[in-house]
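Thanks for passing this one along. Here are my notes, in the order in which I would read them at the screen.

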2 protein chains.
Amino acid sequence: MNDNGQNGEKKKSRRPSQERTAQRDPERTRAAILEAATREFAENGMGGARVDAIAERAGTNKRMLYHYFGDKEQLYLRVLEEAYVGIRTAERALHIGDRSPEEGIGELALFTWRYFLQHPEFLSLLGTENLHRARWLRQSVRLKELHSHLIGELSDVLERGKKQGVFVESADPLHVYLTIASLGYFYLSNQYTLSTIFGRDLIEPNHLNAWERHIVHVTLASIKH
Amino acid sequence: MNDNGQNGEKKKSRRPSQERTAQRDPERTRAAILEAATREFAENGMGGARVDAIAERAGTNKRMLYHYFGDKEQLYLRVLEEAYVGIRTAERALHIGDRSPEEGIGELALFTWRYFLQHPEFLSLLGTENLHRARWLRQSVRLKELHSHLIGELSDVLERGKKQGVFVESADPLHVYLTIASLGYFYLSNQYTLSTIFGRDLIEPNHLNAWERHIVHVTLASIKH
DNA sequence: CCATCAAGTAACTGTTTAGTTACCGGCTTG
DNA sequence: CAAGCCGGTAACTAAACAGTTACTTGATGG
């Protein structure tokens, strides 16, 4: 079908594509690259991730990657942004203000823990971004407004609890969120070194459940009267 | 050029007992490589660290690096091991059992927080090692015995507190340590993304002090009656 | 004073990597 | 149906990389 000497002029003829497989689907290709990049960056960090590996995982090639995302750094930022959008979107659906203050905080703690547990790639991306001192996140314009909602809603719940006399006056919304996130993040993201040095498999279901209860307990114990 | 003349020193002392001109200094070179590697790995991770950069930072060259440490991976493991030895050694000097149970736990929490604060490279190395699922740490033979002392001593303090009725029966030594470490680790290692998304400079001294107090408060609140 | 050996230097090598270029072919539209 | 745009392929390139080799320097003991 493809005749190399079609007009006799030797242009650098390459190997003809023999098996024409998939139909064209820009949206699918783009999404596949993003997902493959998420896995590759999460597993290997920014320095360890390979552009070739991403293209291969996505079932496409580097040309498309550069076409859709510019370069490795822009692709990485895109991955990071999507990861943040993912957790903040799920968080909004919680509506922690609909319950009693105590239940609301417990609910947020449970949600955060379980989200971390189900999205190890998010934790990993955070680790990588912090290794680089938020070099790429700081350039993001999309993410300024994304996080204020969380603190606002949490602040309301705490105020309500204080008025009802169940929470101490000193309870601070950022501190409460950092407490919840700390306990989940460290346990999961450092599970490999921790399991190694303490000789206990932290990912075992019983330990996981015990730690989930512990997070809720610690969070509430630190702000309750 | 520099002829000392005297060769009357016929003691078979292989080492020149004093006053080495320091042109050549194996011990110093070795230490310089280890320190340079610690910084390079902490700043760039395993995948991002460059062997050339380590040699240059150490004021030497790659030949010496490979001569003393074998290859990049062995050097990295060495750096990681030294980091663990550093914190566990400092920890032992605390003797948390010498005080009342409550003071002992508070002391451990304060120490851990301040050690993390003063050794950001340790946190960074932990992050890198966990990204790779403890691939190198698991191969280490030196580190099996290093950590049991911590849990043992902590366990004693908790038992004493339970007998005195100040701590709840459910208090678990590993959970207590993980709580302390979580709160310190997450705040510091994720300070860059956190400061960016929440618009607050977490490394500012007032915030740092507030978090230090918070860690002690949370830790004790979670185990006290 | 010279043989030896360890400390140290610098240029080199084969491979890997991010990013580019040359080319292909289906689809739309004038 | 020709023109050309757009999704897609694969080979290519310059630079960066981990690791090696050939060599120099200087202290020490015989």
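Predicted model: local features only at pLDDT ≥ 70, side-chain atom pairs only at ≥ 80, totals over all residues.

1. Side-chain values use heavy atoms, with hydrogens and water left out.

2. The interface brings 51 residues of chain A into contact (heavy atoms within 4.5 Å) with 51 residues of chain B. About 4,400 Å² is buried between the chains, 70% of it from carbon and sulfur atoms; buried area is the accessible area (1.4 Å probe) that two parts lose on being put together, summed over both. On the chain A side, N130(A), F186(A) and F198(A) lose the most area to chain B, together 14% of what that side buries.

3. How is chain A laid on chain B? A turn of 180 degrees with a shift of 0.0 Å along the axis does it, at an RMSD of 0.1 Å, superposing by least squares on the C-alpha atoms of residues with pLDDT of at least 70 in both. That is the relation of a two-fold axis. The same surface serves both copies, as 100% of the contact residues of chain A recur in chain B.

Terms used:
Residues numbered from 1 in each chain as written. Chains lettered and ligands numbered in written order.
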